Amino acid sequence: MHAQVAIIGAGPAGMFLAHLLREAAIDAVVLELRSREYVTARVRAGVLEQTTVDLMRRLGIGARVAREGLVHAGTTLAVDGDAFHVDFAELANGASITVYGQSEVMKDLNQAADERHIHVIYEACDVRPDGLDTDAPSVTWNSPHGTHRLDCDFIVGCDGFHGVSRGCIPCDALTIFERIFPFGWLGVLAEVPPCNHELVYANHERGFALASMRSATRSRYYLQCSLQDRVEDWSDDAFWNEFALRIGETFASRVTRGVTFEKSIAPLRSFVCAPMRWGRLFLAGDAAHIVPPTGAKGLNLAVADVVVLAKALAGFYAAGSRDGIDGYSDRALARVWKAERFSWWLTNLTHRFPHMDGFDRQMQLAELAYLRSSRAARSAFAENYVGLPLEE
Ligand code: APR
Ligand code: PHB
């Protein structure tokens with residue numbers, strides 16, 4: 001088989017890229033380890049920046065998010081139960097975010113991929129990129145029918161944090177930057193109306209809590225927890241009691257308790273690998289960088305990477321220009337680092353750290369008080385939260 005571009009991984013990064021390349025009439029094949037059902041059903045964050053929603057519309061996959069997505073023009077921060085509002089409409093030139101689950105985004109991407117005959121191969125085992133430092137790279141993989149090989153011009157690793165691509169780059173060509181946070185997030189879904197019409201980020205003496213949602217009848221709630229905790233340690237009662245305490249009285253009185261499902265614990269990590277290209281291999285999305293979920297930047301960052309990369313590849317194929325592909329890593333990383341900073345900052349501002357002393361706590365409280373009282377500080381928060389411009 002031959003294709004101009006081999007994409008490894010059919011998560012958001014891989015599928016957005018496949019659509020962008022199709023738009024540029026570049027021939028691509030996507031190779032995915034898991035089944036389509038598995039990839040679609042994964043429950044991840046659900047906040048789309050305006051640029052992500054705009055891209056979905058441009059790609060002709062924006063009808064459902066326009067209909068069903070919940071547009072939020074602000075968010076609330078709470079400190080030990082005392083809440084204040086950040087108004088994006090007022091502070092960020094009328095920008096907004098849209099709450100729409102990643103699994104819904106995947107459904108839209110996959111359905112349009114079927115209609116457009118985008119070639120996605122699921123359950124491709126032992127995917128192995130080869131010849132990355134030559135002009136003729138290839139990818140091999142196994143299926144129940146045997147071993148297969150795809151020759152291509154470029155390979156894009158969109159295979160997430162645990163994928164195979166990043167490891168193909170020699171260690172001495174890569175720099176890894178990493179911060180592992182000493183806690184996790186316990187997340188639940190519940191078929192109950194959300195406790196607020198917008199998101200609430202709560203810093204509480206006992207730890208962070210976040211009230212989010214998937215629809216007017218489905219809530220997505222999170223609690224900071226210990227990395228030693230297991231899902232079984234958290235009964236529904238224990239979850240609701242702790243959530244009510246941390247989110248504060250005003251919102252607690254509006255929490256509808258119900259049976260929780262999709263209960264899971266996720267670690268929090270900041271991670272960047274630089275550069276995001278080696279030879280004929282490009283990395284995009286979680287394969288190259290991870291943000292802690294505070295601020296919900298992960299999916300939006302993956303989208304921003306592949307927008308830059310698709311433009312670079314389009315420039316290469318249409319005009320023979322190498323500028324875009326040579327500049328990809330620097331351009332993508334410029335935006336990545338800003339999102340890393342914001343996600344790290346918001347995590348530090350809102351979570352309880354194990355070795356925090358009185359001084360650390362006062363610094364958090366002072367910064368939150370400053371946000372509450374200063375329009376300039378709230379503007380900086382809003383500008384980052386709704387998403388920085390795609391290309392700078
Ligand atoms: N071969 C083929 N596919 C692989 C391999 C492999 N060796 N390893 C992983 N994959 C697939 C995974 O099964 C997954 O479907 O690559 C895909 C990577 O998807 P994500 O982990 O979602 O990463 P990305 O597309 O970069 O998404 C970025 O969305 O899922 C969230 O947390 C993620 O917020 C981040 C954003
Ligand atoms: C979510 O709805 O899953 C979500 C929302 C906001 C975040 C993180 C996750 O910051």
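Tutor: In this predicted model, the side chains of serine 96 and glutamine 50 are joined by a polar contact of 3.3 Å. Is serine 96 buried or exposed? Its relative accessibility is 10%, and because buried means under 20%, serine 96 counts as buried. Once its neighbours within four places in sequence are set aside, serine 96 is in contact with Gln50, Val71, His72, Ala73 and Val386, and Gln50 is the residue whose side chain makes the polar contact with serine 96.

From that one contact we can turn to charged side chains, for which the count of salt bridges comes to 26. One of them brings together the side chains of arginine 57 and aspartate 54, with 3.5 Å from N to O. These two residues are three places apart in helix α3 (residues 50-58), a spacing that separates them by about one helical turn. Arginine 57 is exposed, with a relative accessible area of 55%, whereas aspartate 54 is partly exposed, with a value of 30%.

Another salt bridge is made by the side chains of aspartate 80 and arginine 361, at 2.9 Å from N to O. Here the pair links distant parts of the chain, since aspartate 80 sits in the loop between β5 (74-79) and β6 (82-87), while arginine 361 belongs to helix α11 (residues 358-373), 281 residues apart. Aspartate 80 counts as partly exposed at 37% relative accessibility, but arginine 361, at 8%, counts as buried. Arginine 361 also forms a salt bridge with glutamate 205, where the closest N and O atoms are 4.0 Å apart. Because glutamate 205 lies in the loop between β14 (200-204) and β15 (207-215) and arginine 361 in helix α11, this pair ties together parts that are 156 residues apart in sequence. Glutamate 205 itself counts as partly exposed, at 41% relative accessibility. Elsewhere, salt bridges that share partners join Arg64, Arg67, Glu68, Glu104, Lys107 and Asp108 into one network.

Next, consider the two ligands. Around ligand 1 there are 24 residues, of which the closest are Glu32, Arg42, Arg44, Gln102 and Asp286. A polar side-chain atom of arginine 42 lies 2.9 Å from an oxygen atom of ligand 1, and a polar side-chain atom of glutamine 102 lies 2.8 Å from an oxygen atom of this ligand. With aspartate 286 it is a backbone N or O atom that lies 2.8 Å from an oxygen atom of ligand 1. Ligand 2 is surrounded by 15 residues, the closest being Tyr201, Ser212, Arg214, Tyr222 and Gly295. A polar side-chain atom of arginine 214 lies 2.8 Å from an oxygen atom of ligand 2, whereas proline 293 places a backbone N or O atom 3.1 Å from an oxygen atom of ligand 2, and alanine 296 places a backbone N or O atom 3.3 Å from one.

Finally, let us follow the strands. Six strands form an open sheet with mixed pairing, in the order β8-β2-β1-β12-β19-β18. The strands β8 (119-121) and β18 (277-278) stand at its edges, and because each has a single partner strand, one side of each is left without a neighbour in the sheet. Within the sheet, β1 (residues 5-8) and β12 (residues 154-157) run parallel and are joined by four bridges, and isoleucine 7 has valine 156 in β12 as its bridge partner. Helix α9 (residues 298-319) lies across β1, β12 and β19 (281-283), and runs at about 175° to β12.

A further pairing is antiparallel, with 12 bridges joining β13 (residues 175-190) to β17 (residues 260-274), and here the bridge partner of isoleucine 180 is arginine 269 in β17. Strand β17 also pairs in the antiparallel sense with β20 (residues 289-290), over two bridges, and phenylalanine 271 stands opposite isoleucine 290 in β20.

How values were computed. Residues numbered from 1 in each chain as written. Chains lettered and ligands numbered in written order. Predicted model: local features only at pLDDT ≥ 70, side-chain atom pairs only at ≥ 80, totals over all residues. Heavy atoms only, no water. Pairing = 2+ DSSP bridges. Contact = heavy atoms within 4.5 Å. Axes fitted to C-alpha atoms, helices over the stretch in contact; angles between N-to-C directions. Buried < 20%, exposed > 50% of the residue type's maximum accessible area, 1.4 Å probe, protein only. Near = heavy atom within 4 Å. Polar contact = N/O pair within 3.5 Å; in protein donor to acceptor, adjacent residues only side chain to side chain.
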